[in-house]
Amino acid sequence: MAEGKRPGGLTALAVLNFVFGGLSALGILALVALLGTVNAVSGGELASAAGEGMAEAGLGGAMLLITICLSIASCALLIISGVGYIKQKRVMGRTMGSLYGILALVGTLLALGAGGDFGLAEIIGLIYPVLTLIMVNTTFKEDLVN
Amino acid sequence: MEPTTSTVARSWSLQHVGIIALYSMRFALRSGGGLMFLLIFLTVGLSVASLFITPLEELVKMDGPDGMNTAELSMTILESDMVSQAVEWITNSDSAQSEYLLKDNPALLSAILLILLIAVPFTTCFGAFNQTSGDIASRGLRYLLLRTERANIFLGRFVGVLLFTIVSVIGTMLVILLYVQFKVGAYPGMDLWAWGFQGLTAVFFLSLPYIALCAWISCMLDTPFGSLAICLLISGFSLAILYLLKLTLITSMKVDPESLDWVFKTVPWGWKYELLHGSPVVRITAILAMLGFTVGFLFLGLRHFNKRDL
């Protein structure tokens, strides 16, 4: 399909990707800045206490690292696929969008596997990734071909 | 004789309405409005459910009152006198009605439905604001007018949005009901699903007049965003105006507040909790009122759509 005939839904999906991607990037930056500041102010004491607290809650260092890596990857995929939707690209839009959806599902499954709880908050968090996964592979499949 | 045959052939047709409705429903997801509505309705519906369920689950996690599980805790809290009074205040009803909502039926689902019904008029606007305005602006309807009558387009789009709304509402309710049944497990399945079905019909009948209102506004304005803004303003501002009117009548003219229940009945909003009433007569009256508002808005919209320049 020609680039000029982009459906409104695809544009809306791209805008939402940029919004969620931007918010996700802000969240990651804020977390890193907060951890850095806390570490600097307390001379490492608060950070080690927080680490012990997380270990007690069952959230080990490896799990924290995986969570942060997944968040960064999701954020990047959201923004890249957003650009892909605008340009109606097959790999950049459909593939990256699908990858984002799969990554979000994998992230939730990993969290559940690590002893996390599955509640309504997790379902709400999965609305957008699942919707993305379905829409880029059905409704907008024929639009993401460039 | 040719024009007469043509006019008869192109008059109001149920088949045309059906075709336009099905196409409109299928096309809804491809348009930005449909996608946003689906996202907003799912998020709002599940957030409202989470508002009631998550605190109960957290209490249980913290080894809450007497080691109760979520089901016992929800029954103990939601069937208490304090919640009963709150429900009476929200629904502006008596103790019999609050007992019907909280004791005769699954209280957790009733609480979710009471809040969800407040959100429905506003969320509905997001799905229904662009029934015709976008195509009027782009002059796209001219191609359709070669094949069918204006009434078929107007009603077809209305039915299409209605079908899309029903599918979205069913999806949201299904997630909530499955969660309450399998995760919370507080109520017998039959009671839960029967009450869920009644809640679903309440949401459906409440959304009807608002979709019709949006159909009317949408055919009046050439800009989809303008249509959304006006639909939301009418849905919200009408309530503020009626509240001020009621307040003025009570304070300045010393009218008995009890005799002013009719004020909010002049808009669909005032009938919403009657859709969940224990008495079938009250429920049917509310349904008829919703249908009446819908027919009224559709009549006004169709009259305007038939006259306007497309």
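Predicted model: local features only at pLDDT ≥ 70, side-chain atom pairs only at ≥ 80, totals over all residues.

Q: Is B:Glu274 buried or exposed?
A: The general idea is a cut-off: buried means under 20% relative accessible area. B:Glu274 has a relative accessible area of 18%, so B:Glu274 is buried.

Q: Which residues does B:Glu274 touch?
A: Leave out residues up to four places away in sequence, and B:Glu274 touches B:Lys265, B:Val282, B:Arg283 and B:Ala286.

Q: Now the rings. How many aromatic pairs does the structure hold?
A: Over all chains, there are 11 aromatic pairs. One of them joins B:Tyr100 and B:Trp195, with 5.6 Å from centre to centre and 85° between the planes. Planes over 60 degrees apart count as edge-to-face, and the pair of B:Tyr100 and B:Trp195 is edge-to-face.

Q: Which parts does the pair of B:Tyr100 and B:Trp195 tie together?
A: Look up the element that holds each ring. B:Tyr100 lies in helix H6 (residues 95–104) of chain B and B:Trp195 in helix H11 (residues 189–220) of chain B, so the pair links parts that are 95 residues apart in sequence. Both B:Tyr100 and B:Trp195 are buried, too.

Q: What about B:Phe122 and B:Trp269?
A: That aromatic pair is edge-to-face as well, at 6.1 Å centre to centre and 65° between the planes. B:Phe122 lies in helix H7 (residues 107–128) of chain B, while B:Trp269 sits in the loop between helix H12 (224–251) and helix H13 (280–307) of chain B, so this pair ties together parts that are 147 residues apart in sequence. B:Glu274 is found in that loop between H12 and H13 of chain B, too.

Q: Which rings of chain A are linked into a cluster?
A: Ring pairs can chain up into a group. Here they link A:Phe20, A:Tyr100 and A:Tyr128 into a cluster.

Q: What does the secondary structure of chain A come to?
A: Five helices and zero strands. Of the 146 residues of chain A, 30% count as buried. For how the chain folds back on itself, look at contacts between residues at least 6 apart in sequence: in chain A, 78% of those join residues at least 24 apart.

Q: On to the interface. How many residues of chain A and chain B are in contact?
A: Count each side separately: 21 residues of chain A are in contact with 19 residues of chain B. A:Leu120, A:Ile124 and A:Ile127 supply 34% of the area that chain A buries against chain B, more than any other three residues. The two chains bury about 1,700 Å² between them, and 76% of that is on carbon and sulfur atoms.

Q: What about salt bridges and polar contacts across the interface?
A: The rule finds one salt bridge there, in which the side chains of A:Asp143 and B:Arg30 meet at 2.7 Å, N to O. There are also six residue pairs in polar contact.

Q: Which element gives the largest share of the side of chain A that touches chain B?
A: That's H5(A), with seven residues. By residue type, that side divides into 15 nonpolar, four polar and two charged.

Technical notes: Residues numbered from 1 in each chain as written. Chains lettered and ligands numbered in written order. Heavy atoms only, no water. Contact = heavy atoms within 4.5 Å. Buried area = accessible area lost by both parts, 1.4 Å probe. Salt bridge = Lys/Arg side-chain N within 4 Å of Asp/Glu carboxyl O. Polar contact = N/O pair within 3.5 Å; in protein donor to acceptor, adjacent residues only side chain to side chain. Helix = DSSP H or I, 4+ residues; strand = E, 2+ residues; numbered from the N terminus. Nonpolar A, V, L, I, M, F, W, Y, C, P; charged D, E, K, R; others polar. Phe/Tyr/Trp six-rings, centres within 6.5 Å; stacked < 30°, edge-to-face > 60°. Buried < 20%, exposed > 50% of the residue type's maximum accessible area, 1.4 Å probe, protein only.
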